[in-house]
Amino acid sequence: MYNENPTIDRLEKTIDEQRQGEALMLDETTTDGKKFYIESYGCAMNFSDSEIVSSILATEGYSSTRNIQESDLILINTCSIREKAEHNVRQRLRVFDKVKKGKPGTLVGVMGCMAERLKTKLLEQEKLVDIVIGPDAYRDLPKLIATAEHGDKGVNVILSREETYADISPLRLGSNGVSAFISIMRGCDNMCSFCVVPFTRGRERSRDAYSIVAEAAELVDRGFKEVTLLGQNVDSYKWSSPDETEHVNFAQLLERVALVSPELRVRFSTSHPKDITDEVIYTMKKYENICNYIHLPVQSGNSRILEKMNRTYDRAWYKERVESIYRILPDCSISSDIITGFCSETEEEHQDTLSMIEWAGYILSYMFAYSERPGTLAAKKYEDDIPLEVKKRRLSEVIKVQARMSKESNKRDLHKTFKVLIEGDSKKSDLQFKGRNSQNKVIVFTKQEGYKKGDYCFVKINGLTSATLLGEIVDGHE
Ligand code: SAM
Ligand code: SF4
């Protein structure tokens with residue numbers, strides 16, 4: 001789901017690495033009027049926000065383009081999670097500046113997490129942008145465009161305690177017409193010491209449950225077959241009706257979305273180990289269309305480091321949560337996020353992370369070397385004292401163990417039959433389909449008459465590559 005992760009090359013994810021920075025476009029566009037070009041970086045939440053912004057721009061008469069040269073407005077939706085993510089954006093801004101010089105009048109806007117963090121720098125020192133707009137200010141975009149068109153800088157990075165964009169129906173960008181994201185909450189109240197998100201995206205707030213169910217129903221009407229409910233910590237979803245007579249937690253929301261249609265697959269991300277409840281796991285068990293896959297980031301396998309990270313759970317708590325998942329849902333797959341070389345991490349503590357990957361049997365992990373972010377609790381309190389070569393060496397060890405676990409997990413799937421949602425043609429051949437099983441594993445299989453994108457089929461696994469299962473369609477479940 002994240003960029004610059006050396007470990008997930010060729011692995012399919014919620015957000016494909018190859019989509020990082022991709023120019024996203026609507027399915028249908030008009031040719032008249034002004035055009036916008038949008039690039040997104042970072043997590044699925046950012047990609048989802050780009051769809052909200054596109055909807056706002058479409059109401060203003062803009063249409064999207066993949067051709068940067070013909071755009072009147074260039075937007076870049078940015079990520080601040082690691083230093084390298086910000087570095088990539090700065091490079092892109094220099095490219096946009098050249099485009100602008102070739103076509104005066106083109107406006108360049110920075111959206112998302114970097115907007116809040118670097119507004120002064122972007123506007124004053126680097127003079128590369130006309131609009132700076134934070135994640136809670138997207139409704140203000142038309143006004144900021146007007147300001148910029150008059151030669152002033154359009155800026156709004158104010159964070160809100162209420163904004164959820166509940167009433168905005170996102171325009172699906174670069175969609176395969178089968179899977180879509182639904183943002184169910186914004187911000188984060190968790191203050192993990194390494195993380196910049198609470199500062200760039202503000203306080204946690206949950207979206208109206210009815211608007212979420214309505215969005216899922218609308219997607220079903222349009223032929224979509226899978227939704228992923230998005231939030232930084234979905235397990236703390238909590239919505240109350242304005243008259244306080246109705247209260248909906250995450251398990252209850254999951255149930256409501258699952259009931260929209262048995263044909264609609266429901267996924268969610270991200271779960272926090274301190275908050276995921278048995279009620280959520282039992283709800284997954286109750287509905288066949290809620291996928292048996294949980295992204296449950298551990299970050300570190302060592303309790304002292306977890307405490308320094310302010311994750312508010314320890315190794316034993318995390319293990320208990322994983323045991324509960326496998327006990328209640330034996331077929332469930334789990335994935336993780338891991339940070340290597342956090343402040344003061346010893347070799348022994350690093351070994352605890354390696355052993356956790358093995359013990360938990362993750363099907364995949366998103367793995368990162370610790371990158372100190374200005375303003376975070378860790379930057380203020382702890383010394384970033386693990387040399388880069390050590391962080392990188394530990395990262396490569398983590399990657400190696402994870403690769404072995406992924407392969408072992410795939411081998412266990414050989415000769416099994418899975419219900420697969422067909423997402424489209426495989427990358428390598430239009431004679432093959434690509435789809436996913438409930439456990440979120442990508443499966444490539446030969447096309448057969450009578451099946452098309454968006455259909456379910458049963459596939460028997462008969463081979464594997466390093467990251468993909470291979471199979472053949474079989475009639476019905478064996
Ligand atoms: N909310 C999710 C959670 O709690 O797991 C994750 C959100 S964060 C956008 C995605 C991942 O980036 C984190 O799980 C963490 O592994 C990684 N990350 C965040 N800050 C980092 C930092 N300063 N250095 C390296 N990796 C970081
Ligand atoms: Fe960052 Fe922690 Fe919130 Fe995730 S839960 S977004 S890692 S502060």
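Predicted model: local features only at pLDDT ≥ 70, side-chain atom pairs only at ≥ 80, totals over all residues.

Biologist: OK, and what does Arg-311 do with ligand 1, in terms of distance?

Modeller: An N or O atom in the Arg-311 side chain is 3.1 Å from an oxygen atom of ligand 1.

Biologist: Which atoms pair up between Ser-371 and ligand 1?

Modeller: There the backbone takes part: a polar backbone atom of Ser-371 lies 2.7 Å from a nitrogen atom of the ligand.

Biologist: How much of ligand 1 does the protein cover?

Modeller: The cover is 96% of the 570 Å² of accessible area that ligand 1 has on its own.

Biologist: And what kind of space is ligand 1 in?

Modeller: Ligand 1 takes up space in the largest cavity. Two elements give two or more residues each to the shell around ligand 1: β16 (333-340) and β17 (364-369).

Biologist: Which residues come nearest to ligand 1?

Modeller: Of the 16 residues around ligand 1, the nearest are Phe-194, Gln-232, Gln-299, Asp-337 and Ser-371. Sorted by class, the shell has 8 nonpolar, 4 polar and 4 charged residues.

Biologist: Now ligand 2. Which residues surround it?

Modeller: Among them are Cys-188, Cys-192 and Cys-195, along with Met-191, Phe-194, His-272 and Arg-311. The shell around ligand 2 has 7 nonpolar, 3 polar and 1 charged residues.

Biologist: Where does ligand 2 sit?

Modeller: The space taken by ligand 2 is the largest cavity.

Biologist: Is Gln-299 buried or exposed?

Modeller: Buried, because its relative accessible area is 7% and buried means under 20%.

Biologist: What about Asn-310, what's its phi?

Modeller: Asn-310 has a positive phi too, about 60°, and is not a glycine. Asn-310 lies in the loop between α9 and α10. With 31% relative accessibility, Asn-310 counts as partly exposed.

**A few more residues**

Biologist: Which loop holds Asn-302?

Modeller: The one between β15 (293-295) and α9 (303-308). Asn-302 counts as buried because its relative accessibility is 9%. A polar atom of the Asn-302 side chain lies 3.0 Å from the backbone nitrogen of Ile-305.

Biologist: And where's Glu-323?

Modeller: In helix α10, residues 315-328. Glu-323 is partly exposed, at 46% relative accessible area.

Biologist: How far is Glu-323 from Ala-360?

Modeller: Their C-alpha atoms are separated by 8.6 Å, while along the chain the two residues are 37 residues apart.

Biologist: Last one: how far is Asn-156 from Ser-466?

Modeller: C-alpha to C-alpha, they are 45 Å apart in space, and they are 310 residues apart in sequence. Asn-156 itself lies in strand β7, residues 154-156, and counts as buried at 14% relative accessibility.

Key:
Residues numbered from 1 in each chain as written. Chains lettered and ligands numbered in written order. Heavy atoms only, no water. Near = heavy atom within 4 Å. Polar contact = N/O pair within 3.5 Å; in protein donor to acceptor, adjacent residues only side chain to side chain. Areas by Shrake-Rupley, 256 points an atom, 1.4 Å probe, with all protein chains shown as cover. 1 Å grid on protein atoms, 1.4 Å probe; cavity = no way out; pocket = protein on both sides within 12 Å on 5 of 7 lines; lining within 4 Å. Sits in = over half its atoms within 2 Å of the grid points. Helix = DSSP H or I, 4+ residues; strand = E, 2+ residues; numbered from the N terminus. Nonpolar A, V, L, I, M, F, W, Y, C, P; charged D, E, K, R; others polar. Buried < 20%, exposed > 50% of the residue type's maximum accessible area, 1.4 Å probe, protein only.
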